[in-house]
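Okay, thanks for making time, everyone. I'd like to walk you through a model I've been looking at, so let me put it on the screen.

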Amino acid sequence: MNEVAYKLSPAAQGNPMETTVTRSTRSMPQSGMPATAIREHLQQLDLPEPYAHFARAFRGPQDVQEIGKWAYDQFMSENGFFSMYLPYMQTIEQEVIAMGVSLLHPQATSTGNFTSGGTESNFSGMHAARNWARVHKPKVKKPNVVAPLTIHPSFQKAARYLDVEVITTDLDANGRGIAANIAAAINDNTVMLAASAPSWHFANIDPIPEIAALAVQHGLWMHVDGCVGGYVNPFLEQLGEKLTPWDFRVPGVMSISADLHKFGYCPKPASTIYWREAALQEYHYVAVDDPFLGQYKLAGFSGSRSAGPIFAAWSVFNYLGMDGYLRLTRRLLDLKKRLTEEISAIEGLKVWQIDVMPMHFHSERAPTAAVYQGLFDKGWLMLGLVKPEAITICVDPALTDDDVTLFLKDLREVTERILAGGDAKAGTIRYG
Ligand SMILES: Cc1ncc(COP(=O)(O)O)c(C=O)c1O
């Protein structure tokens with residue numbers, strides 16, 4: 001047996017989030033390790049719940065996770081590459097798309113594609129818009145996209161791949177885009193407008209009807225980033241929450257990204273990009289004619305991909321149905337209410353007003369970065385905002401009442417200790 005020594009870093013004893021392993025060798029072992037030894041080593045790295053909870057978001061309760069995992073495992077080795085050709089796989093993928101788009105006030109031919117995540121879905125929207133503009137706006141040589149400042153960084157990333165410029169515009173006091181600012185930024189090279197429903201940063205929905213009206217007026221592609229909201233907004237609306245209209249019911253909205261692996265509660269990596277009309281989907285594809293292999297025309301970035309996430313999404317959708325999603329959305333609202341009330345009762349902590357999720361709060365007395373570090377030292381791995389400083393809570397229905405009780409106890413202790421003059425080392429707040 002190959003002797004490979006791993007040891008946990010000393011920091012791990014203080015904070016499980018700082019767990020690292022050092023390996024004595026970096027070369028391929030000559031002979032394999034027993035499966036039990038592999039399991040033992042890797043189990044040491046399995047971060048404890050509930051401390052890792054927010055880093056693992058977004059998940060449904062245990063039963064939802066189990067059906068997703070089961071289907072994932074069964075179909076993990078199937079190649080999703082073949083969903084274009086193999087009828088059973090095609091049917092499963094198309095049913096996921098049909099079920100998903102049915103939530104978005106679809107038009108007669110609205111359709112979509114399965115992708116690996118929000119980043120790829122947003123990329124796909126921008127890529128299609130750029131290709132569409134090459135046909136419909138041939139005079140544009142240096143295309144740009146105009147969007148509120150809160151457009152997710154995956155947009156800037158896509159723009160760099162695609163050599164498109166992103167022009168960002170200022171927000172209102174609640175962190176929403178302002179249509180007049182978008183209007184003022186549109187120029188002869190603009191091909192697309194984009195907005196969020198909601199943004200990650202402030203969890204608020206941009207004024208999508210007004211921005212989409214500008215797109216119609218100027219003949220532009222309008223994309224809605226519904227990565228966070230795509231699979232929760234429809235249920236919030238059914239439960240009576242008054243959200244700004246954000247989906248295909250809004251004239252001019254041509255594409256919507258919606259993440260299955262956020263509030264769809266499907267195992268990662270899984271997202272969807274939806275097209276208002278089937279004709280728009282054609283701008284998504286890149287068809288290559290290979291001299292030996294023939295036509296190579298696949299959805300999205302990937303070639304070979306696991307069919308696991310597609311079958312898992314199909315299973316979670318069918319397992320939950322509308323009733324299940326409504327039940328989990330009610331739970332989400334209960335968790336939001338409890339967390340809002342109890343965090344607000346801690347001295348100096350302010351919970352932000354949000355339309356959807358995730359939750360954010362900051363501290364007006366103890367420095368927010370010190371509260372963040374204090375939580376980290378207790379083992380909680382949190383995301384946050386750098387400016388203005390805030391701590392993000394990725395609430396999902398996998399969070400139990402006991403998890404919330406422990407989190408609130410730790411948050412109260414940390415904040416009170418800092419306010420009492422205790423250690424106030426500021427941490428580095430991170431989103432990604
Ligand atoms: C609004 C929004 N868009 C896009 C993304 C990117 O999603 P992913 O991390 O799945 O690529 C995120 C991720 O948090 C998001 O919040």
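This is a predicted model: local features need pLDDT of at least 70, side-chain atom pairs count only at pLDDT 80 or more; totals for chains, interfaces and linings use all residues.

Let's start with helix α7, residues 153-162. Which of its residues are buried? They are Ser154, Phe155, Ala158 and Ala159. Those four sit on the same side of α7, because they cover an arc of only 145 degrees around the axis. If you wonder about the spacing, an α-helix has 3.6 residues a turn, so residues three or four places apart point the same way. And what does that side pack against? The buried residues of α7 pack against helix α6, residues 118-136, and against β4 (144-148), β5 (165-169) and β6 (190-196).

You'll find Asp163 in the loop between α7 and β5. Is it buried or exposed? Asp163 has 9 C-beta neighbours inside 10 Å, so it counts as exposed.

There's another residue like that. Tyr265 isn't a glycine either, and it has a positive phi of about 60 degrees. Its loop is the one between β8 (253-258) and β9 (271-275). This time the residue is buried, because Tyr265 has 27 other C-beta atoms within 10 Å.

Tyr265 also comes up when you look at Gly60. That glycine is in the loop between α3 (53-56) and α4 (62-75), and with 24 C-beta neighbours inside 10 Å it counts as buried. Leaving out residues up to four places away in sequence, Gly60 touches Gln65, Tyr265, Leu328, Pro397 and Ala398. For a sense of scale, take Gly60 and Lys139: they are 79 residues apart along the chain, and their C-alpha atoms are separated by 48 Å.

Okay, on to the ligand. There are 14 residues around it, and the closest are Gly117, Gly118, Thr119, Trp200 and Cys227. Which element gives the largest share of that shell? That's α6, with three residues. If you sort the shell by class, you get nine polar, three nonpolar and two charged residues.

In soluble globular proteins, nonpolar side chains tend to be buried together. Here the largest nonpolar core has 116 residues, and Leu193 and Ala313 touch the most other members. Helix α12, residues 308-344, gives the most to this core, with 14 residues.

Let me zoom in on Leu193. Setting aside neighbours within four places in sequence, Leu193 is in contact with Val146, Ala147, Ile182, Ile211, Leu214, Ala215, Leu220 and Met222.

Trp314 counts as buried because it has 21 C-beta neighbours inside 10 Å. Beyond four places in sequence, its contacts are Ile92, Glu95 and Val96. Trp314 and Leu220 are 94 residues apart along the chain, with 33 Å between their C-alpha atoms.

Now to a strand, β13, residues 359-363. How many of its five residues are buried? Five of the five, so β13 is largely enclosed by the rest of the structure. In a regular strand the side chains alternate between the two faces of the sheet. You can follow that along β13: Met359, Phe361 and Ser363 point one way, and His360 and His362 point the other way.

What does β13 pair with? One partner is β12, residues 349-351, antiparallel over three bridges. There, Leu349 is bridged to Ser363 of β13. Another is β15, residues 389-393, which is also joined to β13 by three bridges and runs antiparallel to it. In that pairing, His360 has Thr392 as its bridge partner.

Last stop, the cis peptide bonds. The bond from Lys387 to Pro388 is cis, with omega near -5 degrees, and Pro388 lies in the loop between β14 (383-386) and β15. The bond from Ala197 to Pro198 is cis too, with omega near 0 degrees. Pro198 is in the loop between β6 and α9, residues 208-218.

That's my tour, so over to you.

Note on methods. Residues are numbered from 1 along each chain as its sequence is written. A residue is buried if 20 or more other C-beta atoms lie within 10 Å of its own, exposed if 12 or fewer, and partly exposed in between; C-beta atoms are placed from the backbone. Helices (H or I, at least four residues) and strands (E, at least two) are DSSP runs, numbered from the N terminus. The arc is that of the directions from the helix axis to the C-beta atoms. Two residues are in contact if their C-beta atoms, placed from the backbone, lie within 7 Å. A residue is near a molecule or strand if its C-beta atom, placed from the backbone, lies within 6 Å of it. Ala, Val, Leu, Ile, Met, Phe, Trp, Tyr, Cys and Pro count as nonpolar, Asp, Glu, Lys and Arg as charged, and the others, Gly among them, as polar. A nonpolar core is a set of buried Ala, Val, Leu, Ile, Met, Phe, Trp, Tyr and Cys residues joined through C-beta atoms within 7 Å. Two strands pair if DSSP finds at least two bridges between them.
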